[in-house]
Amino acid sequence: MIRELHNIDIAPYTSFGTSARVEELIEWDNCEELLALLAQRRKASPHPTHYTILGEGCNTLFTDNFSGTIIRSVAKGIEIVGRNKEEVLVRVAAGEIWDDVVRWSCEQGLWGAENLSAIPSSVGATAVQNIGAYGVEAKDIIAEVEYIDLKDLHIGHIAASECAFGYRDSIFKGRLAGQALITSVTYRLSTTPKPHLDYGTLRPEVERSGNLTPMGIREAVMAIRARKLPDPKMIGNAGSFFKNPILPRNQVEALRRLYPTMPTYEVAGQPEKLKIATGWMIDTLGWKGKRVGNVGVHSEQALVLVNHGGAEGKEVVALAERICREVKEKFGVDIEPEVNIVQ
Ligand code: EPU
């Protein structure tokens, strides 16, 4: 199935729910059909078309009307493509809802995805964004990504080791941005217990329930998230709006002398650096729960900006810029958005 929509409001396709007119949106669920359409368009026009790729729209903010074509996968399918005694390889279509995959894998008793429960995302975006929560990142379970190369319309496969995964970063935001349209992601899940319980209050939450299974951990993660993070179905948001900066240790130590309660985190593979919590800085500035017009800062987690209803993308950006300025003035730290801003 291919669906071509013209001059539409993108609000229902994003979790922020800000309105913007979009010239064209193509939805697809069949790779051959999509390839045929792209080839036909290439033939018809000598100029290469630039396509913007959207997943569940949970990490994207449109700030203005958009003249161009957006491609969105609605392809579904979860398929076991390999297994041995310890591992199962699961290939999932890019348009699957990520949390449906986590629920499925927990129901199978497989380990690896449970800490990433309830993250609003498509499967394709788990690889683009290297989504992460509670001490686990998508890169820890991704084995391979399949994509259509929009330059020459061939189907490519890229191993996780080649994806340049970093903190909320990957090759799909770098060298292959706008070029690789992800069609499926293959995850490597474990049949033997591999619990990661060391982040924040996860361990006591799991111990309270006594259910040390993938499903038990999933339920604990969902309970913690529900207390802190707004449900995009109830209030427009895109999860964390900003990234947590990774800074040289001496800069963080100087900050900790001024602010002894400031949380800091070790960064795997970068012993000379520490990560600090942007949510804590915004909270310390007194922004938590504040509202400016139709936009605001979530009442339980200052890293999340919200659309109280009817906000324009530009209002969200104006609030974000104001917060960035204040963080810089007080802490001397530059923060950057985690959300992809489309202008
Ligand atoms: N904090 C505050 N006030 C706040 C928010 C946070 O003091 O308003 C403090 C917390 O008490 C804690 C520290 O800051 O000591 C970190 O907070 P939290 O554990 O909630 O995590 P985060 O750094 O704010 C990151 C991810 C989240 C992920 C959580 C849990 C980023 C940008 N965000 O948030 O991911 O769920 O850790 O692992 O890395 C997302 O990417 O959209 C997202 C929600």
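Predicted model: local features only at pLDDT ≥ 70, side-chain atom pairs only at ≥ 80, totals over all residues.
**Ligand surroundings and sheet packing**

Biologist: Which atoms of N244 and A302 lie 2.8 Å from an oxygen atom of the ligand?

Modeller: For N244 the atom is a polar one of the side chain, at 2.8 Å. The protein covers 83% of the 810 Å² of accessible area that the ligand has on its own, by the Shrake-Rupley method with a 1.4 Å probe.

Biologist: How many residues surround the ligand, and which are the closest?

Modeller: There are 24, with Y134, Y167, Y199, D283 and E338 the closest; a residue counts if one of its heavy atoms lies within 4 Å of the ligand. By class, 11 are nonpolar, six polar and seven charged. Tyr is classed as nonpolar, while Asp and Glu are charged. Helix α7 (278-284) gives the most to this shell, with three residues. β8 (132-133), α5 (214-228) and β13 also supply at least two residues each. Helices here are DSSP runs of H or I with at least four residues, and strands are runs of E with at least two.

Biologist: Why are β13 and β17 called edge strands?

Modeller: The open antiparallel sheet has the order β13-β19-β18-β17. β13 (236-240) and β17 (291-292) each have a single partner strand, so one side of each is left without a neighbour in the sheet. Helix α8 (313-331) packs on this sheet, touching β17, β18 (295-297) and β19, and its direction makes about 35 degrees with that of β18.

Biologist: What makes β13 and β19 a pair?

Modeller: β13 and β19 (304-307) share three bridges in the antiparallel sense.

Biologist: In which sense do β3 and β5 pair, and over how many bridges?

Modeller: They pair in the parallel sense over four bridges, and Y51 stands opposite T69 in β5. Both strands belong to an open sheet of mixed pairing, ordered β1-β2-β5-β3. Its edge strands are β1 (2-9) and β3 (51-54).

Biologist: What describes the crossing of α2 and α5?

Modeller: The axes of α2 (98-107) and α5 come within 8 Å and cross at roughly 145 degrees, where axes are lines fitted to C-alpha atoms and angles run from 0 to 180 degrees between N-to-C directions. The contact (heavy atoms within 4.5 Å) is made by D99, V102, R103, C106 and E107 of α2 with P214, M215 and R218 of α5. These residues divide into four nonpolar, no polar and four charged.

How values were computed. Residues numbered from 1 in each chain as written. Heavy atoms only, no water. Pairing = 2+ DSSP bridges. Polar contact = N/O pair within 3.5 Å; in protein donor to acceptor, adjacent residues only side chain to side chain.
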